[in-house]
Amino acid sequence: MSNSKIIGIGAYAPENIVTNKMLQSLVDTSDEWIKTRTGIEKRSITIDEETSDLAVKASKIAIKNAKISAKDIDMIIVATITPDTFTPSTACVVQKKLEAINACAFDINAACTGFIYGLKVADSFIRSGEFKNILIIGAETLSKVLNWNDRGTCVLFGDGAGAVVVTATNNEGIKAIEIKSDGNKGDVLTIGGAPLNNPFNKNEKILEQYIKMNGREVFKFATKAMEESILNVLERSNSSLDKIKHIIPHQANLRIIDYVSKKLNIASDKFIINLDKYGNTSSASIPIALYEAYKQKKITFGDEVILVGFGGGLTWGSALIKL
């Protein structure tokens, strides 16, 4: 049975930057209010690029860094809650744009934990022996599901994509992954879908198409989930925090990360943080942070890192990997 290992990393965010001060003209907020409560200073917002466009640009970097071609990809997994269309899947659109003619392709939806779920799926397929190179992408255009009149949510999110290429290997790579969910708490963070629309349905139901979130409940859930998931994945891999070079968390809120840092008695600089520049990019946030840390040489191949996420569903999970 093969192990799976990340051999290429890439990321992309739209060039259009929206600062906190720019949002002051849209809603009753301020740069100080946003930074104090979230740590976010700016975010990328797409003007004319779709989710698949962001995904392709991140993927090309990851494929180049992996030193393979798109034709070497056997599978494409796109984690997203903002697909281009219901069908075809964003992954199939990416396959077409990359000309990855030998790949199968599909989307998964685990909200902000989507990238971790994608890693788990890819790891399982590779260990089966049937697939060699799998492209995993977290990509979002959250700007299209934001209510730009709601200051409680529109200041939090941004657009972007991150990607990795995972390959079969006999060496150490992905050492342990945990994924979990609790559908009983799904109403804490929601985005409405398409309502029932047929001549036989007499109950008119309007679904909210924008992100709705109970911030207090998300904070309580996220801090507990992150702490437990980090400890669980360490136990599963028989490792310890002192062996971990960095922890790369979902980039949602600086207060959440600071709280977990204190609970685990970890120095805050152990966490890779870039939410000040991107905001919350959902499934894209972990691979974007992973790529930036690699590009800035904060991590390198051979290091052990923990990736940890949480999101709507509710979902959460973590992965301990050796790059």
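Which residues does Phe310 touch, not counting residues up to four places away in sequence? Here are some notes on this predicted model, starting with that one.

1. **Phe310 and its neighbours.** In this model Phe310 touches Cys112, Thr113, Phe221, Ala222, Met226, His250, Ala252, Ile256, Thr315 and Trp316, leaving aside residues up to four places away in sequence. If you have the structure open, Phe310 is a handy place to begin, as Phe310 is also one of the residues that touch the most other members of the largest nonpolar core.

2. **The largest core.** This core has 41 residues, and Ile230, Ile247 and Ile306 join Phe310 in touching the most other members. At least two residues come from each of α6 (215–236), α7 (254–263), β12 (304–311) and β13 (315–322). The top contributor is α6, which gives eight residues. Because domain 1 (3–171) and domain 2 (175–322) both supply residues, the core lies between them.

3. **A second core.** There is also a separate core of 38 residues, and its members include Ala79, Ile108, Tyr291 and Ile321.

4. **How the two domains meet.** The protein is divided into domain 1 (3–171) and domain 2 (175–322). Taken over C-alpha atoms, their centres are 14 Å apart. On the domain 1 side 50 residues are in contact with 46 residues of domain 2.

5. **A four-stranded sheet.** Follow the strands in the order β8-β13-β12-β11 and you have an open sheet with mixed pairing. Its edges are β8 (174–181) and β11 (246–249), each of which pairs on one side only. From one strand to the next the twist averages 10°.

6. The pairing of β12 with β13 is antiparallel and runs over eight bridges. Glu304 can be found opposite Lys322 of β13. Packed on the sheet is α6, which touches β8, β11, β12 and β13, and its direction makes about 35° with that of β13.

7. An unreviewed UniProt entry places the feature "domain: Beta-ketoacyl-[acyl-carrier-protein] synthase III C-terminal" at residues 234–322. In the model, the chain over residues 234–322 is 31% helix and 22% strand, with its end C-alpha atoms 13 Å apart.

8. **Two cis peptide bonds.** Most peptide bonds are trans, so two places deserve a look. Thr87 and Pro88 are joined by a cis bond with omega of about 5°, and Pro88 sits in the loop between β4 (75–79) and α4 (90–98). Gly313 and Leu314 are likewise joined by a cis bond, with omega of about -5°. Leu314 belongs to the loop between β12 and β13.

9. Most residues other than glycine have a negative phi. Lys67, not a glycine, has a positive phi of about 60°; Lys67 is in the loop between α3 (51–65) and β4. Ala111, again not a glycine, has a positive phi of about 55° and is found in the loop between β5 (104–108) and α5 (114–127).

10. **Buried or exposed?** Ala111, by contrast, is buried, because its relative accessibility is 10% and the cut-off for buried is under 20%.

Key. Residues are numbered from 1 along each chain as its sequence is written. This is a predicted model: local features need pLDDT of at least 70, side-chain atom pairs count only at pLDDT 80 or more; totals for chains, interfaces and linings use all residues. Side-chain values use heavy atoms; hydrogens and water are left out. A nonpolar core is a set of buried Ala, Val, Leu, Ile, Met, Phe, Trp, Tyr and Cys residues joined through side-chain atoms within 4.5 Å. Buried means under 20% relative accessible area, exposed over 50%, partly exposed in between (1.4 Å probe, protein chains only). Domain bounds come from an automatic or database domain assignment. Contact means heavy atoms within 4.5 Å. UniProt positions are given in the numbering used here, feature names are shortened, and annotations may be inferred rather than shown by experiment. Two strands pair if DSSP finds at least two bridges between them. Axes are lines fitted to C-alpha atoms, for helices over the stretch in contact, and angles run from 0 to 180 degrees between N-to-C directions.
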